[in-house]
Each structure stands twice: as structure tokens, then as C-alpha cells.
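Here's a quick tour for anyone new to this one. Have a look at the sequence and the fold, then read on.

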Amino acid sequence: MSTINLQGDPNPWRIGKIICLGRNYVDHIRELNNAIPDRAVIFTKPATSIIGNGEQIRIPGYSKDCHHEAELAVLIGRRTRAVPAAKAMAAVTGYGVAIDLTLRDVQSELKSKGLPWDIAKGFDTACPLSDFIPADRVDDPHKLQIRLRVNDELRQDGNTEQMMRRIPQIIEEISAIFTLEPGDLILTGTPAGVGPVKSGDRVTVEIEQVGRLEVSVA
């Protein structure tokens, strides 16, 4: 899946970079016994990690502990470099629902050795993603309820108002490092309640005003 749909736009958007923010919700930081960071924790996923609504997650054989992380995704609509937070929202074209799948056992091993997280975060199917809605249809992206269920059991129930770094600050920090281009995506972090998924599970995420995403685990 190399493109995404933006409601009201007849042309699919080609996906560029997928830039993810880690440790952006305090309760999630605490549940994993991590330190609160002084600077944004940034990692990336390849476009090949994306699957769409109704598709299947395939957990790699090298992991036995795959976790769900529900997130608000931001679609960048214009080329943006080193933008101040006060002007950053002009770069946002849409919002979507994402799941940042994480091989927790693999990630923990990599972290203990001081190694990058790529194989724990960027494997094929690691980024389920909904269609996007135009940014102007969301009243306030920092006041949105996020709920994730596994087989109808509520696992995550948070709100984007709990973000440590809000979207303008996130874009300011990221654009100082990477030039953002149309079709780039930013995943803004996950609230508390992350946990494992296994074969046969059905995972559903809803973000108010934004949409719904449902995938299964092969």
C-alpha cells in the first residue's frame, strides 16, 4: 500500500516518510517504565509497513510479543522545512487513524544493546492506517478521544489532550531535522493501555471526528 485516500480528493496521495513520535503520553511512558524525554523521541517506518482497513497483521516469526499502540496520524500537505510552531499547522492537510505495532520483545532487546528499533517497528504490516479526513473537519486535534479494542475488549481509552508535545511543536521539531513533503505522515504517540495481540485477534481503533480502523491478526 503506497498511497492513501483523503476524503474529497479524487487523487490518492503517495506516501512519503512515516515519522513517528515515541513517549508522547506520560501514562504510556510510566507503564513501560521509561524516562520522560527532554527531546522528542523520533523513529521512522517504511511505507511498505502500511496496511489498510480490513487487512491482516502478520507478526514476524522472530517475535513472540507484538503490541498495539493506537495513534492519531497527521498528513502533511506542503513542503515544510524548519517551520516555527506558530506557523506549523498550515502544513497539516488531514488526519487519520493509525496503529503503531511494536515487537516489544525485540524492541527491549535492541534497547538493552543500544541498537536502533527498526526491525521492531518497521516490519511488513506494522502500520495499519485508515483513510484520512481533511484537517478542517476536526474542531481541535488536541481534544480527540482515542479508543482501541481487541475482540471488543477496551484496551486503550485516552485523549489527545494528554499529549506532552502538541502537533505544532512536533512539526517544528521534526522539520528542523527532516524536510517534510506532501504525503509524509506523522504518528503522534499513543496513550496508556498498550498490550499484546495474537493470531485470530480483531483490533479496532476509533478516534472521534476522524474515523475508525479495523484489522485482524493472521
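Phe 43 and Trp 117 are both buried, meaning under 20% relative accessible area, where over 50% is exposed and in between is partly exposed (1.4 Å probe, protein chains only). Keep in mind that this is a predicted model: local features need pLDDT of at least 70, side-chain atom pairs count only at pLDDT 80 or more, and totals for chains, interfaces and linings use all residues. Residues are numbered from 1 along each chain as its sequence is written, and side-chain values use heavy atoms, with hydrogens and water left out.

**The aromatic pair**
- Rings of Phe, Tyr and Trp (its six-membered ring) pair if their centres lie within 6.5 Å; planes under 30 degrees apart are stacked, over 60 edge-to-face, and the rest tilted.
- By that rule there's one aromatic pair.
- The ring centres of Phe 43 and Trp 117 are 5.6 Å apart with planes at 50°, so the pair is tilted.
- Phe 43 sits in strand β4 (residues 41-45) and Trp 117 in the loop between α3 (104-112) and α4 (118-121), so the pair ties together parts 74 residues apart in sequence.
- Helices (H or I, at least four residues) and strands (E, at least two) are DSSP runs, numbered from the N terminus.

**Helix α3**
- Its buried residues are Arg 104, Val 106, Gln 107 and Leu 110.
- Those residues cover an arc of only 160° around the axis, which puts them on the same side of α3; the arc is that of the directions from the helix axis to the C-beta atoms.
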